[in-house]
Each structure stands twice: as structure tokens, then as C-alpha cells.
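Good morning, and thank you for the time on today's agenda. Please have the sequence and the model open while I speak.

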Amino acid sequence: MLEFTVAILGCGNIGGALAQRLAGACKELRLFDSVSGKASDLGLADAQVCSSVTEATKNVDLIVVALKPSGVLALLREISETLSANTAIVSVAAGVTIDDLSGSLPKDQPVVRVMPNLAMAFGQGMTGVFSKNQEASKKTNQLFSLVGRTVELDDESQIDIITGVAGSGPAFIARAISGLKLAAEEAGLDSTVSGEIAAQTALGAAITLLETGESPERLIERVTTPGGTTEKGLAVLATREFQQSMIEAVEAAILKARQGMSDKEKS
Ligand SMILES: NC(=O)c1ccc[n+]([C@@H]2O[C@H](COP(=O)([O-])OP(=O)(O)OC[C@H]3O[C@@H](n4cnc5c(N)ncnc54)[C@H](OP(=O)(O)O)[C@@H]3O)[C@@H](O)[C@H]2O)c1
């Protein structure tokens, strides 16, 4: 149980997934979404659905701002005058920097940037956390540990790497899973069964790596018998430069994250 109070502003994909796991796991959870009924539709008995942003944010330890980036700074300006000095503001918004956030808040308000991904809905998220405030960073880590793994970053620019790898990564892995699925279908298996086999195989490979701590190269070695089926398949992947394609896809995503949002989009 987390010994602090939390408010979540915005109960969409990210805020909603976080709320589901946090309800009953922290001292007090308050929810607010500008779309009427969205917070209550989550049906969380252990959360207090608030009818105004002021009600949600008054005297809480930590506020998670889970809005689309374009609405974040206006909302911070709206709540800035009613915030307690030690309330930590945690933003999940892509491209909105610590300087942007601090610029819309009272001086010295603790601010944290996080980059989660959607697997947090199943307790399997991967979240990067950056803050200049140690206490706020620690609390945020504790919170996001409830929905998966977290990594504390040394430098704000590393958020862009997390965005490219863990934020966009599920789509890249899904592309590989889609290939496994289509191949199973073309070979004669039913579509639903093919999808299940492909996804479970990807999950199994990931769990094996995390549980054993071994490198992907070592897992490849263990699966590959000289002259066997895996070796044949890997040879095809090598001719298509599969690994290099993945590296370049992630590099393109990181570059896009680094380019950030224009000032117009943020305001
Ligand atoms: N989705 C992902 O995979 C992902 C991954 C990492 C980070 N993020 C970041 O997470 C943030 C939220 O993304 P999302 O996909 O969860 O968005 P979302 O599903 O659109 O949820 C945001 C919710 O907040 C509501 N809202 C808008 N303005 C508000 C206000 N002033 N006060 C309270 N609620 C307000 C929105 O209502 P309206 O629909 O009326 O605007 C919507 O219901 C984004 O900044 C994104 O960059 C997303």
C-alpha cells in the first residue's frame, strides 16, 4: 500500500489504466476527467470521482496529469494557484519538457516526467521516470512499479529513448507478431489459433529473457540447432536485415520524439 494520496487528471487510455491498478493500492485516489462520466465509468469502488479539478487536486501528495499534450500546460496554469507547495506534478505527456511544466507552475513545485506504455493496463508496463526532485521521483517510481517495471533516468533527454523503445516498441513487436501469425495462417492454421500462438511465443521469449537475465543472443543460440529449422529461418531474416530494420525504426522514433512539439502545440 502506498502511503500517499494521488489524483489522476484525465481518465483515458493511460489515466484509466493507471487508476484501475492504483485503486485500493494507495492511501486515497481521486479521479477527474473533463468528459462527464468517464471517471465513474471505470467503476472503481476505491476511488473518489471528483466533479471539479479543484476538488481532485486539493491537498494531494501527487497529481498524475494524463491528458493529451496540447491540454497539459493550460490545465497546470488553471490549478497552479490552489496547489500545496509539496504536491508533485507527474506528467505523462509526450514532448512536454520539465521546463515547460515548471513554467506553468509556482516556483520550486516538484515536477516529474514519465513515459509509460499501454501494457501497464495488464501490470506489464515499462515506464521511464525523470525528475530533478528526488522525493518526487521516488514516489513516482513506487506508483508506476504497481503497473510494471520502471527505470529512473539520469537525464531528461533519455525520456526520448524510452519513447522510441518502450513507447513505440509495442507496435514494432506487434509487427513481428503479425508476421508470425500470417505465416501460421498461410501454413494452414486457423486465424485465432495463429494469433494466440504468435503472441504467446513473443511473451514466452520476453519472459525467458527477463527471468533468466540472459542476452537475446544467448537465447537465439539456445534455440538454434546447427542445420535445424531456426537456423533456416534466421538465415532468411539476415538476408532481409531484420535486426538493422528494427534498429532504424527505433532510431526514427527517437528522432521524432527529440523533435518534440512546437510551442504552438504545447500552449
Ligand atoms: N496512449 C499511449 O500509448 C501513451 C503512451 C505514453 C504516453 N502517453 C501520453 O499520455 C497522455 C494521455 O494519453 P491517452 O492516450 O491516455 O489520452 P486520452 O485517452 O485522450 O485521455 C485523456 C483524457 O483526458 C481528458 N481531458 C482533456 N482535458 C482535460 C482536462 N482539462 N481535465 C481533465 N481531463 C481532461 C480527455 O477528454 P477529451 O477526450 O475530451 O480531450 C480524455 O478523456 C498523452 O499526453 C500522451 O502523450 C500515451
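Which of the 26 residues around the ligand come nearest? They are Gly10, Gly12, Asn13, Ile14 and Ala93; a residue counts as near a molecule if its C-beta atom, placed from the backbone, lies within 6 Å of it.

Before I continue, two remarks on the basis. This is a predicted model, in which local features need pLDDT of at least 70 and side-chain atom pairs count only at pLDDT 80 or more, while totals for chains, interfaces and linings use all residues. Residues are numbered from 1 along each chain as its sequence is written.

The shell around the ligand comprises 15 nonpolar, eight polar and three charged residues. Here Ala, Val, Leu, Ile, Met, Phe, Trp, Tyr, Cys and Pro count as nonpolar, Asp, Glu, Lys and Arg as charged, and the others, Gly among them, as polar. Helix H1 (13-22) and helix H3 (69-79) each supply at least two residues of that shell. Helices (H or I, at least four residues) and strands (E, at least two) are DSSP runs, numbered from the N terminus.

Let me turn to H1. Seven of its 10 residues are buried, so H1 is largely enclosed by the rest of the structure. Buried means that 20 or more other C-beta atoms, placed from the backbone, lie within 10 Å of the residue's own. The buried residues of H1 are Ile14, Gly15, Gly16, Ala17, Leu18, Ala19 and Leu22. Their cover includes strand S1 (2-9), strand S2 (26-32) and strand S4 (62-65). Just after H1, Gly24 adopts a positive phi of about 85°.

Eight strands form an open sheet in the order S3-S2-S1-S4-S5-S6-S7-S8, with mixed pairing; two strands pair if DSSP finds at least two bridges between them. Strand S3 (48-49) and strand S8 (148-152) are the edge strands, each pairing on one side only. S4 and strand S5 (residues 88-91) run parallel and are joined by four bridges. Leu62 stands opposite Ala88 in S5.

How values were computed. Buried ≥ 20, exposed ≤ 12 C-beta atoms within 10 Å, placed from the backbone. Contact = placed C-beta atoms within 7 Å.
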